[in-house]
Amino acid sequence: MSTADAIFADALAHAAPAVPWLEPRRAEAVKLFHARGVPHRRVEDWKYSDLKTALEAANDLGSDTIALTLAPLPAGIEHFDLADVANAPDWVQAHLGKAAQGGAMPAAALALAHTGFAIRVPKSTHASIPLRFEVSGAGHARALILVEEGASLTLVETRKPGTGFANVAIEAVVGANAQLTHIRTAPAARNAIQVEDVAVRVARDASYRAHLFNGGAALSRLNLRLTLKEPGAHA
């Protein structure tokens with residue numbers, strides 16, 4: 001077992017127990033990570049972004065200073081702090097962690113993250129201003145964005161240049177006839193290792209639009225996974 005795999009395995013073994021509704025999803029995430037390990041160049045999908053080598057060269061996997069900082073919310077938008085996941089409302093329980101089986105790193109984020117937020121745009125609500133959040137620090141974090149039927153939201157994500165390893169997993173669920181626009185800017189961060197997984201499920205006649213800028217880092221990778229679930233869904 002490599003140093004990076006061993007550090008992750010130890011962290012997973014000592015992670016705080018999940019609440020009952022989340023435990024089966026977390027257990028599946030831990031199982032998947034143990035089966036696959038930290039991605040490396042011999043994994044075809046990671047051939048040109050060797051995360052294992054980058055992490056072992058940096059020797060920096062222990063930090064847990066990551067923060068997802070939200071600006072003031074647009075009117076009518078519901079927010080939930082995932083640090084209090086034991087008291088999650090039904091809409092968080094219905095969706096959080098459903099996309100974690102997409103790979104080792106979103107699985108690690110579900111299992112290890114103590115930081116994150118969930119946002120709900122209720123049915124037929126059109127956010128009057130963009131929802132902005134900033135990613136800073138190092139560690140694991142997750143976010144859930146739910147745009148219900150007929151609603152719309154513009155999400156503006158920025159990364160604060162820093163150092164260390166950050167692993168962020170974002171799940172977005174776009175309901176029927178809804179619209180989500182995602183704008184992401186990541187300025188150059190020469191000494192950072194940044195991995196982000198964005199998994200989007202789009203329902204009937206709904207749309208997801210992404211505008212992504214990446215200035216680069218020691219290693220920087222964004223996985224964009226789209227599921228067009230029903231007729232008329234597009235991205």
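A search of the whole structure finds seven salt bridges.

Colleague: What kind of model is this, and how are its residues numbered?

Modeller: This is a predicted model, in which local features need pLDDT of at least 70 and side-chain atom pairs count only at pLDDT 80 or more, while totals for chains, interfaces and linings use all residues. Residues are numbered from 1 along each chain as its sequence is written, and side-chain values use heavy atoms, with hydrogens and water left out.

Colleague: What makes the pair Asp45 and Arg221 a salt bridge?

Modeller: The term requires a side-chain nitrogen of Lys or Arg within 4 Å of a carboxyl oxygen of Asp or Glu. The closest N and O atoms of Asp45 and Arg221 are 3.3 Å apart, so the pair counts as a salt bridge. It links distant parts of the chain, with Asp45 in the loop between α2 and α3 (51-58) and Arg221 in strand β11 (residues 217-228), 176 residues apart. Helices (H or I, at least four residues) and strands (E, at least two) are DSSP runs, numbered from the N terminus.

Colleague: How do you know whether Asp45 is buried or exposed?

Modeller: Buried means under 20% relative accessible area, exposed over 50%, and partly exposed in between, with a 1.4 Å probe and protein chains only. Asp45 has 55% relative accessibility and therefore counts as exposed, whereas Arg221, with a relative accessible area of 13%, is buried.

Colleague: Which residues are linked with Arg184 in a network of salt bridges?

Modeller: The network links Glu157, Arg159, Arg184 and Glu196. Within it, the side chains of Arg184 and Glu196 meet at 3.2 Å, N to O. Arg184 lies in strand β8 (residues 179-186) and Glu196 in strand β9 (residues 189-202), 12 residues apart, and both Arg184 and Glu196 are buried.

Colleague: Why is the pair of Phe117 and Phe133 called edge-to-face?

Modeller: Rings of Phe, Tyr and Trp (its six-membered ring) pair if their centres lie within 6.5 Å, and planes under 30 degrees apart count as stacked, over 60 as edge-to-face and the rest as tilted. The rings of Phe117 and Phe133 have their centres 5.1 Å apart and their planes at 75°, so the pair is edge-to-face. Phe117 is in strand β3 and Phe133 in strand β4 (residues 131-136), so the pair ties together parts that are 16 residues apart in sequence.

Colleague: Which residues touch the most other members of the largest nonpolar core?

Modeller: A nonpolar core is a set of buried Ala, Val, Leu, Ile, Met, Phe, Trp, Tyr and Cys residues joined through side-chain atoms within 4.5 Å. The largest has 39 residues, of which Phe8, Leu51 and Val92 touch the most other members. Its largest share, seven residues, comes from α5. A second, separate core of 30 residues includes Ile145, Val198, Val200 and Ala233.
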